[in-house]
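Colleague: Could you take me through this model? I would like to begin with the overall fold and then turn to individual elements.

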Amino acid sequence: MSTGHIVSRTVRDSAAFLDATHGPAPVRPYHAPRFDGSFLAQCAQAPRRLRIALDLQSVTGMPCTQIVVDAARHAARLCESLGHVVEEASPEFDRLAFRAATGVVVSANVANGVDSRLAVLGRKLGPDDVESNTRANVEYGRSLSAPRYAAAMQTIHQTSRAIARFHQTYDAMLTPTLLAPPSISAGSTR
């Protein structure tokens, strides 16, 4: 899993960090629209009533376990108790095509990142340098063609347009975060 901004414990922490970092960065190809206010100041105001879509289909099309579906439904009831309108709804897009496309883009980028680092180090990938999942992504990414990558980006852009249309009706989506709860190893202290 990856995070595109920060991992924080509270909305206020995220808002403060957004105040410090929002806006276009010279090296980024995409950025959020300009916001002239303060994200942190917005946290002090009561939120408006939102129309929230409860989407119980995973983005990959794989089935979710009942425990995560129940957790999403519980969160939906909490949102309703706070005055928001929650409806079960799902954007229409080809989830299997999206899953395949993200696999192409992620693997190509992992391969590029690993190969770039290896070039700086002046060596090849060793047997113990990365985990097996990362190695599989590197190998798959290296096997991809430019047309395959371009087609994957086209699918991702189609998907983003479908989701943008969906958000003309809904302010937010509530979804299960994972297909199943993470496993806790036997030696864990949690």
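Colleague: What should I know about the source and the numbering?

Modeller: This is a predicted model, in which local features need pLDDT of at least 70 and side-chain atom pairs count only at pLDDT 80 or more, while totals for chains, interfaces and linings use all residues. Residues are numbered from 1 along each chain as its sequence is written, and side-chain values use heavy atoms, with hydrogens and water left out.

Colleague: How many helices and strands does the chain have?

Modeller: The chain has six helices and three strands. Helices (H or I, at least four residues) and strands (E, at least two) are DSSP runs, numbered from the N terminus. Along the sequence the pattern reads α-α-β-α-β-α-α-α-β.

Colleague: What box do the C-alpha atoms fill?

Modeller: Taken along the principal axes, the box is roughly 55 × 45 × 40 Å. Of the 190 residues in the chain, 22% are buried; buried means under 20% relative accessible area, exposed over 50%, and partly exposed in between (1.4 Å probe, protein chains only).

Colleague: And what share of the contacts comes from residues 24 or more positions apart?

Modeller: Such residues account for 75% of the contacts in the chain with a separation of 6 or more. Contact here means heavy atoms within 4.5 Å.

Colleague: Let us move to H3. Which of its residues are buried?

Modeller: Val-68, Val-69, Ala-72, Ala-76 and Cys-79 are the buried residues of H3. They cover an arc of only 105° around the axis, which puts them on the same side of H3. The arc is that of the directions from the helix axis to the C-beta atoms. Gln-66, Ile-67, His-74 and Ser-81 are exposed on the other side of H3.

Colleague: What covers the buried residues of H3?

Modeller: The cover includes strand E1 (51–54), strand E2 (85–88) and strand E3 (172–174).

Colleague: How far does H3 reach from its first C-alpha to its last?

Modeller: H3 (residues 66–81) has 16 residues and reaches 22 Å, close to the 22 Å expected at 1.5 Å a residue. The expected span is 1.5 Å times one less than the number of residues in the helix. Just after H3, Gly-83 takes a positive phi of about 100°.

Colleague: Now H6, please. Which of its residues are buried, and which are exposed on the other side?

Modeller: In H6 (residues 146–166), the buried residues are Ala-152, Thr-155, Ile-156, Thr-159, Ala-162 and Phe-166. Seen down the axis of H6, they fall within an arc of 120°, so they line one face of the helix. Ala-146, Pro-147, Gln-154 and Arg-165 are exposed on the other side of H6.

Colleague: What do the buried residues of H6 pack against?

Modeller: They pack against E1, H4 and E3. Ala-101, found in helix H4 (residues 95–121), touches Ala-152, Thr-155 and Ile-156, not counting residues up to four places away in sequence. Ala-101 is itself buried, with a relative accessible area of 3%.

Colleague: Changing topic: how many aromatic pairs are there?

Modeller: The structure holds three aromatic pairs. The rings of Phe-35 and Phe-39 have their centres 4.3 Å apart and their planes at 35°, so this pair is tilted. Phe-93 and Phe-98 form an edge-to-face pair, at 5.8 Å centre to centre and 80° between the planes. Rings of Phe, Tyr and Trp (its six-membered ring) pair if their centres lie within 6.5 Å; planes under 30 degrees apart count as stacked, over 60 as edge-to-face and the rest as tilted.

Colleague: Are the residues of these two pairs buried or partly exposed?

Modeller: Phe-93 and Phe-98 are both buried. Phe-35 is partly exposed, with a relative accessible area of 27%, and Phe-39 is partly exposed at 24%.

Colleague: Which residue lies over the face of Tyr-170?

Modeller: Arg-51 does, at 4.8 Å from the ring centre. A charge sits over a ring if NZ of Lys or CZ of Arg is within 6 Å of the ring centre and within 35 degrees of the ring normal.

Colleague: Finally, where is Cys-43, and what is it in contact with?

Modeller: Cys-43 lies in helix H2 (residues 39–43). Leaving aside neighbours within four places in sequence, Cys-43 is in contact with Val-11, Arg-12 and Ala-15. Cys-43 counts as partly exposed, at 23% relative accessibility.
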